[in-house]
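Q: Could you take me on a close look at the aromatic ring pairs in this model? I'd like the cut-offs spelled out along the way.

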Amino acid sequence: MTFESRLNDGFEQMMAYRASIGYATATYRSSVPPFINFCVLNYPGAKSITQDMVNQWLSHYPYSDNGRAVFLSLLREYTKFLCFLGHDDYIPDDDYTVIRTAYNPFLFTDSELFSLFDALDRYRGDTSGKRLLPEMVLPVYSRMLYCCGMRPQEPPALLKKDIDLSVMTSLSYLPYPPQRLRTKLPTVWTEEQIEAIVHAVDTTTPVGKRDYAIVLLGARLGLRIGDILKLTLNDIDWNKKQLSIIQSKTREPLTLPLPEDVGWAVIDYLKNGRPIVSDE
């Protein structure tokens, strides 16, 4: 498999996984593929994503501070997923953390809002060939945004059954409207389903031993995948049978008891599945 196909295949697998649990993929699709193309074109003999590739991309692309922070967050999750698949790609660490600039929205005064609504009410546009007349849509749309607190994508999704004109309220959109674009909520698995997943892993192969340890760390200890991928031998105290980490998401320390089956799964992977590497 070529470097290009590996990166693209891994990206599509990640997008399929996110879509399967109802998460959005649009931001990833607009941000990560250009970086992949940059790496493929400028590093034709590469095998893995490196820190130098990240540095060169950041110097090449004119991000704002906020845009840089968003990209690094997306890239970090993408490379974590690649490592989860068994590849050795560079995961941007905390050295790349960017403090975002707070956005202060402009707040209209009452007089400005009245002037805006008055201008929209007086608007007469070119209605030829248009199914929805702008002079009818704009006054309603703008009032839904500013008076009802709706997001821009929500008024077009309103249905007649969402509104009760007898009390002049929008039933489905107060206080927080449903996200129609999300197909389903993330699944909460039962204990039986979790055990079925645990026992479905093939532990006769090195990759299976690694996956079994990862699944148990998540199922038994509730660790996030990012924290599992960052685990080192120094995080485990075998004498006290406990695991201590700094959580990637919250930066808070966390110490957990190490269940016997989790400990043996990690030992089995270290002794019989893990390739010879220099780090821990």
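Predicted model: local features only at pLDDT ≥ 70, side-chain atom pairs only at ≥ 80, totals over all residues.

A: Happy to! Residues are numbered from 1 along each chain as its sequence is written, and side-chain values use heavy atoms, leaving out hydrogens and water.

The secondary structure comprises ten helices and five strands; these are DSSP runs numbered from the N terminus, with helices being H or I of at least four residues and strands being E of at least two.

Now to the rings. The structure holds nine aromatic pairs. Rings of Phe, Tyr and Trp (its six-membered ring) pair if their centres lie within 6.5 Å, and planes under 30 degrees apart count as stacked, over 60 as edge-to-face and the rest as tilted. One of the pairs joins Trp57 and Phe71, which is tilted, with 6.1 Å centre to centre and 45 degrees between the planes. This pair links distant parts of the chain, as Trp57 sits in helix α3 (residues 51–60) and Phe71 in helix α4 (residues 65–84), 14 residues apart. Trp57 has 4% relative accessibility, so Trp57 counts as buried. Phe71 is likewise buried, because its relative accessibility is 2%.

Phe71 has another partner in Tyr63: their ring centres are 5.3 Å apart and their planes meet at 20 degrees, so this pair is stacked. Tyr63 itself is partly exposed, at a relative accessible area of 25%. Stepping back, ring pairs link Trp57, Tyr63 and Phe71 with Phe35, Phe38 and Tyr61 into a cluster.

Arg143 lies over the face of Phe117, 4.6 Å from the ring centre; a charge sits over a ring if NZ of Lys or CZ of Arg is within 6 Å of the ring centre and within 35 degrees of the ring normal.

Phe108 has a relative accessible area of 36%, so Phe108 is partly exposed.

Terms used:
Buried < 20%, exposed > 50% of the residue type's maximum accessible area, 1.4 Å probe, protein only.
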